Amino acid sequence: CTVMISTYNADSKKIRHYPANSCLLPLCSLYGLAVTTVEGVGSTTTKLHPIQQRLAKCHGSQCGFCTPGMVMSMYSLLRNHPEPSMEQITAALDGKPAFSLSLFGIFTFKNPCLCKPEEFHPRDPTQDYIFPPELMFFQLHLCLHVQTDQKMPDVLDILLSLVPELPAEKTKIYRTLLKQLRTLAGEQIRSLASLGGHIVSRGSVWDLNPVLAAGNAVLNLASIDGTRQIPLNDEFLTKVPEADLSPMEVIVSVFIPFSKEDEFISAFRQAERRKNALSVTNSSMKVLFQPGTDVIEDLAIFYGGISDTTVSARNSCLKLKGRNWNDQFLDEACRLILEEVVVSPSAPGGKVEYRRSLLVSFFFRFYLEVLHSLKMMYPFQYPDLPKEYMSALSEFQEKPPQGMQIYQDVNPHQLPQDPVGRPIMHESGIKHTTGEAVYVDDIAPADGQLYMAVVTSTRAHAKILSIDTSNALEEPGVVAVVMACDIPGENGDADEKVFAEDEVIYIGDIICGIVAETYECARNARSKVKIEYQDLELILTIEEAIEHNSFLSKEKKIEKGNVEDAFETVDKILEGEIHVGGQEHFYLETNSIFVIPRKEDKQMDLYVSTQDASNAQELVASVLDVPANRITCHTRRVGGAFGGKGLKTSYFVAAAAVAAHKTGCPVRFILERDDDMRITGGRHPLWGKYKVGFMTDGKIKAVDLEFYVNGGCTLDESELVIEYVLLKCPNAYDIQNFRCRGRACKTNLHSNTSLRGFGFAQAGLSAETWIAAVADYLYLPHDEVREMNMYKNVTETPYKEEIDPTNLVVCWEECLEKSDYYKRRQAAEEFNKQNYWKKKGIAIIPMKFSVGYNETFYHQAFALVHIYLDGSVLVSHGGCEMGQGLYTKMLQVASHELKIPLSYIHNYERTTATIPNAIVTSGSIGTEVNGKAVQNACQILRKRLEPIMEKNPDGKWENWVTYEGSISLTATGYFKGYPTNMDWEKGEGHAFPYFVFAAACSEVEIDCLTGDHEVKKGNFPAFLFLQIEGGFIQGLGLYTMEELKFSPEGELYTLGPDTYKIPAVCDVPEHFRVYLLPNSRNPIAIYSSRGMGEAGVFLGSSVFFAIRDAVAAARKERGLNRNFTLNSPLNVERIRMVCADRFTEMVKTFPYKNPSSSILVLFNFSGIYIFTRLGTYYPAMPGLFEKGLVCVWMLGNISVVICHAMS
């Protein structure tokens, strides 16, 4: 939704352009501004802009849903800076999702060598819209003061121009503000945000307010009664009435004084992601010394992210005045800060111990910075900092990512028009970049169209006692309420219901739908539906499910050799466990449905963003009690899916179809992000236990594994997921005595489902964990233990399928060589010796990925190819285009087989009208199996045309496709599927068509004080660059960042991008290199191809284990146990807390004081709405702290209010 906002500055007589999120921009704020959308940049009907052309031709998009936003961000940058630097390009893309685009396509404007420069049009400035002259009268008058109505980019420009003109000692606070501004939100958010809004909203994690408060900033206020000044201090930030604005006042400007010579100020922040993420904790600190000394004259310490506002350690600062800046002062300051600054156990986002550690970690960094500055000012007065402590001073500096893609080119004798094996532009690439690609919500409204919003359960497990919709139906614009009683056929199927009837089984369970004339009416009317519940027993975790014997499937097992006997012969046995968290799909296009009923024969058209059009058709037919031939499902393209738009989407379609059936009108049902995340599940959390027996040389002789996954409330794909966990859990290791067992647990959470690399992403991490445990115990290098236990020769998997690991060994050796692994390992060890607070780690991980399904019918595919008399060809097949380029590859197949140019061929949308009964597009095989079907149809047609071609060998394609030949120019193609099977009673079978092998090497650097980390390098010899790159980044998110959090009642807390962080461009490795292994063949797949859509995800675990390696170095230096387990995601909190040091010990030494020791006072609290479950601690409402009110517990109907003395 990014657009470009343009404004004219009369003082500088310059026009400035900003990218902005249109969905966050109030219409009234556009007065006097110009707005340019992607349609104004270029189009297929006018002329493409070079940005659009390069992004498309250099493979810069996949599903394309977010591509217009990329275009507008780059376009805004180029309008301001026609020759941008790589740093400016990277900054312009701050916060953009990194797994949904080609990271190298976006940099082609600066580096055209990534593609063929001669193919690109030069930039034509006359193509750009001019700024409307009439708007030049509507301009903002800027002055030397920092006006609070100025947007953040203006503030940034003012500071950048001011700092070089002033003496360095005067600009310390300005430089500190610049540092925080560069990481404040993303480019689009900064473009919208004003300094005044930032100040007056006083958010706890706003990064500039602590700096302004520490720097003694002053606010200039105005009202109809006049003007006045107030200090921007801790009282203002905590909204003390005497220090706050009056209701009629506004902030006009902020005065930021110069820094003094003996004054030092710094700011710090730590977030889950370095850019476009709210801080977990931020801080600003300032100290003023008596001239020429280290005696403290004034001290200010502010923290954000600790409470509901920015807090000050005022009492600590008062006690520390007059002290010398030395080690004794440091210890006392840390103790005082921990005692004074209280982190509430209910702080948003949790992480209480981590936040408390950051309080002192930040202060320690400030202490060292000041010591270093004093040394620089007075070289003979202060000693040098210890060399190993210097690493605490530096913070990670963002560098533009550099990539390399190496692959084998086609045979030079291959015909130029034959596209197979060549990097062909995505068939919708141009439309992605111009915004002309049509997704479900882009379809024009139909006559009489209505909108639907759903009412979902607020209880995780309860009986429905009553549903009262009367108030909702009285709302203006509401047409109907649909629920289970309105369904003419079956309410769902044996596994799941469309609408809950008597019982709800998770928070988000759909109870009814509000159908209205506008979406706003439908959404607002949801709150008018009154539902009474009776709570039932709640099961949320794997541990609770095991305790209550709550499972979705029977236990499954695979066993090879004799595990028990082998354990008797080994030198050592280790036991442990690992927890792998879930993951949200976070497709950019949420679930989107548009249902249009026809006027006759109970027919209905379904326009759906789905991976499984046939399933949607079948479920709707069952729900409406009509034959399937009356229901037609259409899917042109999907804006990302990753496995999340399969089974669950069909229930959304069915709900909308019931609404259309009841009202007789078209119904549009587009889920908002929070509803989509609340209702749909994602990757299964896993709990794995291992018992591994090995010899002293590292050879593993026996492994016994037990797995449980949290399937949620319904079966969905959970049985398939646990099967894949068991089949894939050995990864690339040949263990002669091997046993694994597993079950899917039933809980009262949303139903988890397939997500890119399902099963293997969790099980593979488990395998590498027990490999690492063995290596740590024996003090052996991890790569040595991995290589020793890898498959080397042709043998059998634990389920008795033959495997030839030749390419696995080659990938491993190539990765060692191309990554300079041993040289980099030695360099990392040397770095670690010299740096106490920064550590580097490196890891190399092998991969054996099993492609496809263990049932033959999952691999079948259908195609329909028409040749028209003008020679054009229309291709239909059962595959859904989700950004993986499936349609493009089908065009390549048809071109190759029919021996005609790509330009002759068009791919029709996925529809059940032409291709019935097709299997879901998933499992990395959609391209190859549908390619087989298209190939079959084209070969049939080519064979029919051969007699005509032989009669006229000099003719053209158009001459051969005529009526005179009396042959059918339509053919159906079919692929039966790869022969696979799995006998779970015996625990054996030919479970997969083939294997994909790879190896990944990653190097990281971690900050032991904060847990921040940076991926330096990634090397991946593998067998589709886009899929490998995107998969790796998605795996990086799974293993190091993305975390789903639920309340004790089963409510999902992480309901959007502000609380759930996916990798962005800023998280891409500095050096990202992908190598495709040459001369490798796959005899069973079309054109020797391989399914790579999912395999790349697990390669992201190389970053996890590189971080683990760095953590091990830190723990070794601190004398801590080398044998430790790290769970996934390995985020900044876990990294920091496992790198235990004096500051984490301080947190334990000065624990948070439990408020239960305070006085308990019983109130009638009915007028204040703070309600929570028993035992949860919440801070008081703003303004009540001064009265001594700290928190509230609810004990049944009694409010327990915790108070403390004001001291």
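Reader: Which residues does Glu1094 touch, not counting residues up to four places away in sequence?

Author: The model is predicted. UniProt, in an unreviewed entry, annotates Glu1094 as "active site". Glu1094 lies in the loop between β38 (1071-1076) and α30 (1095-1099). Leaving out residues up to four places away in sequence, the residues that Glu1094 touches are Arg756, Gly757, Phe758, Phe849, Gly923 and Ser924.

Reader: Is Glu1094 buried or exposed?

Author: A residue counts as buried under 20% relative accessible area. The relative accessible area of Glu1094 is 10%, so Glu1094 is buried.

Reader: Which residues does Cys1 touch, not counting residues up to four places away in sequence?

Author: Cys1 has a relative accessible area of 53% and is exposed. Cys23, at 59% relative accessibility, also counts as exposed. With residues up to four places away in sequence set aside, Cys1 touches Ala20, Asn21, Ser22 and Cys23.

Reader: Are Cys63 and Cys66 buried or exposed?

Author: UniProt places the feature "binding site" at Cys63 and Cys66, again from an unreviewed entry. Cys63 is in the loop between α1 (50-57) and α2 (67-80), and Cys66 is found in the loop between α1 and α2. Relative accessibility is 8% for Cys63 and 13% for Cys66. Because the cut-off for buried is under 20%, Cys63 counts as buried and Cys66 counts as buried.

Reader: Which residues does Cys63 touch, not counting residues up to four places away in sequence?

Author: The place of Cys63 is the loop between α1 and α2. When residues up to four places away in sequence are not counted, Cys63 touches His432, Tyr439, Val638, Gly639, Gly640, Met882 and Gly883.

Reader: How many Å apart in space are Phe707 and Cys740, C-alpha to C-alpha?

Author: Phe707 is found in strand β26 (residues 700-710) and is buried, with a relative accessible area of 0%. Neighbours within four places in sequence aside, Phe707 is in contact with residues including Leu686, Trp687, Ile722, Cys729, Cys740 and Ser766. Phe707 and Cys740 are 33 residues apart in sequence, and their C-alpha distance is 7.7 Å.

Reader: What radius of gyration does the protein chain have, and what would a compact globule with 1207 residues have?

Author: The protein chain has 33 helices and 42 strands, and its C-alpha trace spans about 100 × 80 × 70 Å along the principal axes. A compact globule with 1207 residues would have a radius of gyration near 33 Å, which agrees with the value for the protein chain, 31 Å.

Reader: How far apart are the mean positions of the positive and negative charges of the protein chain?

Author: Of the 1207 residues, 61% count as buried. The accessible surface comes to about 47,400 Å², with 53% belonging to carbon and sulfur atoms. The protein chain has 118 positive and 146 negative charges, and the distance between their mean positions is 3 Å.

Conventions. Residues are numbered from 1 along each chain as its sequence is written. This is a predicted model: local features need pLDDT of at least 70, side-chain atom pairs count only at pLDDT 80 or more; totals for chains, interfaces and linings use all residues. Side-chain values use heavy atoms; hydrogens and water are left out. UniProt positions are given in the numbering used here, feature names are shortened, and annotations may be inferred rather than shown by experiment. Helices (H or I, at least four residues) and strands (E, at least two) are DSSP runs, numbered from the N terminus. Buried means under 20% relative accessible area, exposed over 50%, partly exposed in between (1.4 Å probe, protein chains only). Contact means heavy atoms within 4.5 Å. The radius of gyration is taken over C-alpha atoms; the globule rule is 2.2 Å times the number of residues to the power 0.38. Accessible areas come from the Shrake-Rupley method with a 1.4 Å probe; for residues, only the protein chains shown count as cover. Lys and Arg count as positive and Asp and Glu as negative; His and the chain ends are not counted. The place of a charge is taken as NZ of Lys, CZ of Arg, CG of Asp or CD of Glu.
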